[in-house]
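Work through the two exercises below with the sequence and the coordinates at hand, and try each task before reading its solution.

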Amino acid sequence: YDAGATAYGMHGLAVVDKPAGVTSHDVVGMLRRRFNERQVGHAGTLDPDATGVLLVGVGRATRLLRFLTDLGKTYSGEVVFGTTTDSLDSTGVVTGTFQMSELTEATVRDVVARHLTGAILQIPPMVSAVRVDGRRLYELARDGVEVEREPRSVVVHRFEVTATADPLVYAIEVQCSKGTYIR
């Protein structure tokens, strides 16, 4: 309770296990309604199809979010070799297929070690929430527009690769800095 406040309000941090099929903004909207609180925000956007932890600030606790967004993240998922899509993930339209019979776990680990760990430059995907000229890249992508994107410096601290029963599918776990896109 703040004696200077004109009304009581809800204040705090919520740890939300975001399900697939909803956006981070959808989660904020749901919590605004549930808590009857207008001041709600999140500490980093997850793709609509991503599942996982979304940190949400409510009331005055939204002021803490700027400290949480700077923290590193850990992602886990699967990489499927031999197919590309327009969204760079399983939800997109297939734009190409490739013969990958020569792919080995050693090759995958070598490429990861040489090109995908440490300080790297990464171009944000067109399906990201990055703003260019006031519009989100995913909005432009939906309109069929592709724009030049400046590479951004990110750090991949750890990139674990594990073979699965399918020779074209590898499980991954990536520990990285804020702003890193895992697709």
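**Exercise 1: the surroundings of S87**

A polar contact of 2.5 Å joins the side chains of S87 and D89, where a polar contact is a pair of N or O atoms within 3.5 Å, within protein one able to donate a hydrogen and the other to accept it, and residues adjacent in sequence count only if both atoms are side-chain atoms. The model is predicted, so local features need pLDDT of at least 70 and side-chain atom pairs pLDDT of 80 or more, while totals for chains, interfaces and linings use all residues. Residues are numbered from 1 along each chain as its sequence is written, and side-chain values use heavy atoms, leaving out hydrogens and water.

Task: determine where S87 is found, and whether S87 is buried or exposed.

Solution. S87 is found in the loop between β5 (83-85) and β6 (94-97), strands being DSSP runs of E with at least two residues and helices runs of H or I with at least four, numbered from the N terminus. S87 has a relative accessible area of 10% and is therefore buried (under 20%; exposed is over 50%, partly exposed in between, with a 1.4 Å probe and protein chains only). Leaving aside residues up to four places away in sequence, S87 touches G92, V127 and R183 (heavy atoms within 4.5 Å).
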